[in-house]
Structures are given as C-alpha cells and as structure tokens.
Amino acid sequence: MRTTESQPPKKELLKARHTSGLKAFCFLLCALSFSCSTSGKDEATENAENGGWTVTIRGKVGFPQEGQITIQELKETGQGGVWQDTITLKGNYTFAKRVSLKEPGYYRINFYNKQVLNLILDKKDIEVNVDGNNPQGFFEVKGSPDLDLIKQVQELQAKMNNTPEIEKLNSEFTVAAQNKDEKKMGELQQQYMQIVKQYSDQIATLLVQNSPSLAVINLLQSNTLDRDQYFSTYVTVAEKLKKDWPAYSQSKNFVQYVDKLKTTAVGQPAPEIALPNPEGSVVKLSSMKGKYVLVDFWAKWCGPCRQENPNVVRVYNKYKDKGFTVFGVSLDRSKEDWLKAIKDDNLTWTHVSDLKFWQSEAAKTYGITAIPFSLLLDPNGVIIAKNLRGPALENKLAEIFGKK
C-alpha cells in the first residue's frame, strides 16, 4: 500500500530526536528480507492440514503493462527464506490470488515494477485495485482491518498537527523564540503537549480495542505513541498477544520487545552502566547512589542534545549542592569530538563513553534508539521519570528539592 509516513510533531514546539533507524513496518519496511523461494503456498488443502488457512486477494489493474505481477512475503532479516509467487491477470484485467497463511503477515504486490503496494494479510479476503502503470498512481485496498486502522491513526495524527490551536501556538512560539523568552516558550510547549496527549489518548484506546493485530504491533513499535507515557498500553497489548496469539512470530517478537522495555520502566532499578571517563578510568552508575541522578544519553553530533544542554547546565548548577548530579553517557565515536563538546557546552558533571556510537554497551542495555534520552533516578538508583526536558526537568527537581 502506497502511503505517506505520519507527520512528525510541529518542529517549532517539539524538538526532533536523532534516531538509529527504528525497526518498523508502517510502510517503512526497514530490516526486512527479500530473498525469495517459490512454493505451493497457495494450496489450501495442504495448508489447512498444517493448521493454516487461506485468504483471497481480488482486484483489477486499470492499465496492464509488459511484465509480471508478483506477490512476496516480507520477513525480518534472519527469519529464513520468504515466499514469492506470480499473479495471473485475466482478460478483463481482473485477478484472484489465493494465499495460504499459518499466521498473519506482511506482503508486497509488485505490478510490473511500476507500482508497489504493501499489505497486511490476516483472516479476511481483501480487494486491491490499482492503475498499475505509475508509482504514484491510483490504488485502493478494501476489506483490510489492519490497513484501515493504520489509516485511521494517521488521520488522527494529521488532524492533530493541523488544528487551529497548534497553528496559533506555533505562531506564538516563534515570537517567543525571537524574543528569547524561555519562560513563554516553556509554557507554549506544555500547552502543545496537552493537545498531543488528547489525540494520543484516542490512539491508545484504538490500539487496545483492535489488538491483537499486526497493525497494532507495528504502530507501537514505530513509536506512534510515546513509549514511556503510554507504557501501560504496550503492556496491555503484549498481554493480549500472549493470550490470543501465543505461537505467532510477530507476537513473540513484540512480547520480547515489551519485556525489554520493562527493564527501564519507571519504578525499576536502573541497569548498571560501567564505562570509561575521559581520563580512561571506568566509572559505574551505581557509584552515584545517594543522590538524584539524571542519566543523560547524548552526543556532540546530536543537535537536539546540544540545544538541551544549557537547560541541563542551569538545573545542575542550581541543585548540585542539594543532592543532584548528572551522569552523561556519550554516543560519540571520536574522543576529540566528545571532549570538545563537553568543553564548549560547559558540562562539568561526570561523563563516560566507550565511543561505539549506537553500538555502545550502555545504549544496548537501555535499548536506546533515539537521543536525547534521559532517566531521573532517586538516591536508591530507581527510575522515577524519563525524558524530562526543558521546564519539565526543572519543575520535577523543584518538586523534589522543595520538599526538603
């Protein structure tokens, strides 16, 4: 299915994070295998005997071309060979293709190397109509609950980003930024996030109501919702998958994904980090116990990280004598770059890095796929908040130290 990636939040109000390339379907189709093997997968009788089922894809091609129409299963790299077959077009430009399944899956139909559609196949027959002669040509997919859900979520996101309220906030934010009015900018960001939450709450309800489904799995894995704020949604969906889809590979992968997220969930002890500081001595995160610690994953090359650094410097200087500190974990590759950024941004707290970029041992342990990423730990090393930036970080620290 040709579709556009969901629009990101308005950049004036919410800074983008650098990412390592998240595994997602959502028609991004990252890290999927395209090696092929033909088989008798559309033999319904044989498949039924093995506990599978058969669905039929029907449709019409408006402008047939020279060449073939092929259908191909899409799998993550490393899951073995994938199935591919051809689709025969009838004299009236229609087709009907039976596909045998043992679990819901991702598929791609290629019309003459001219037009490509990505599909999710489950228990229902679907209808696919295309021009067939243009990558941007007409297409429609009928009867797919998964694709209908993805479209519904994308429409909610588009609606959120184009409301008059958002446009007004952006205009006001631009003026505040020009005037360097950080207080006003923070207030506008908070108002923006309140609007985002209203729409995100609707999306979360939709995903829970429609699970189990591959669309739900993919939307959650592609960070349609904030993982931390909506962690309970991830857990609820994982529990439904364990109950209703215990044997399916995509279900197992998602459950494992959520189990890994649990290791850095609010209320959990922060996993240990033991990496070299700029002088080469290994420093452990656990050595920071007894203080409130902001574990800050960042890098010199990360623009949003560098933009956030002045805010972290300000709150560090304000609360460092009251029991607060920062443990900076750099994902840089060059020691020279790392040290230069520390000096240029006046970051006077503890720093560590193994200079392995996204392959950093700490990044692997914490499942880091985007930076800036931060966790606030209590004096016992327990995670009490995540990704607090701007006014949110200062407000949380004021709440903590105002009680003392």
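These legends walk through several close-up views of a predicted model. Local features need pLDDT of at least 70 and side-chain atom pairs count only at pLDDT 80 or more, while totals for chains, interfaces and linings use all residues. Residues are numbered from 1 along each chain as its sequence is written, and side-chain values use heavy atoms, with hydrogens and water left out.

**View A. K340 and D344 pair up within helix 9.** Their side chains form a salt bridge, with N to O at 2.6 Å; the term stands for a side-chain nitrogen of Lys or Arg within 4 Å of a carboxyl oxygen of Asp or Glu. (Helices, H or I with at least four residues, are DSSP runs numbered from the N terminus.) K340 has a relative accessible area of 46% and is partly exposed. D344, at 44%, is also partly exposed. (With a 1.4 Å probe and protein chains only, buried means under 20% relative accessible area, exposed over 50%, and partly exposed in between.)

**View B. E361 takes part in salt bridges with K356 and with K364.** The bridge from K356 to E361 has an N to O distance of 3.8 Å. For E361 and K364, the closest N and O atoms are 3.9 Å apart. Both E361 and K364 belong to helix 10 (residues 361–366), where 3 residues, about one turn of the helix, lie between their positions. How accessible is E361? Its relative accessible area is 38%, making E361 partly exposed. K356 is partly exposed at 42%, and K364 is partly exposed at 40%.

**View C. R314, K318 and E394 form a salt-bridge network.** Salt bridges link these three residues together. Across the whole structure there are 15 salt bridges.

**View D. Helix 2 packs with helix 4.** Two packed helices are described by the angle between their axes and the distance between the axes. Here, the axes of helix 2 (residues 145–161) and helix 4 (residues 182–209) come within 10 Å and cross at roughly 170°. (Axes are lines fitted to C-alpha atoms, for helices over the stretch in contact, and angles run from 0 to 180 degrees between N-to-C directions.) The two helices are therefore roughly antiparallel, a label for angles over 145 degrees.

Terms used:
Angles under 35 degrees count as roughly parallel, over 145 as roughly antiparallel, 65 to 115 as roughly perpendicular and the rest as oblique.
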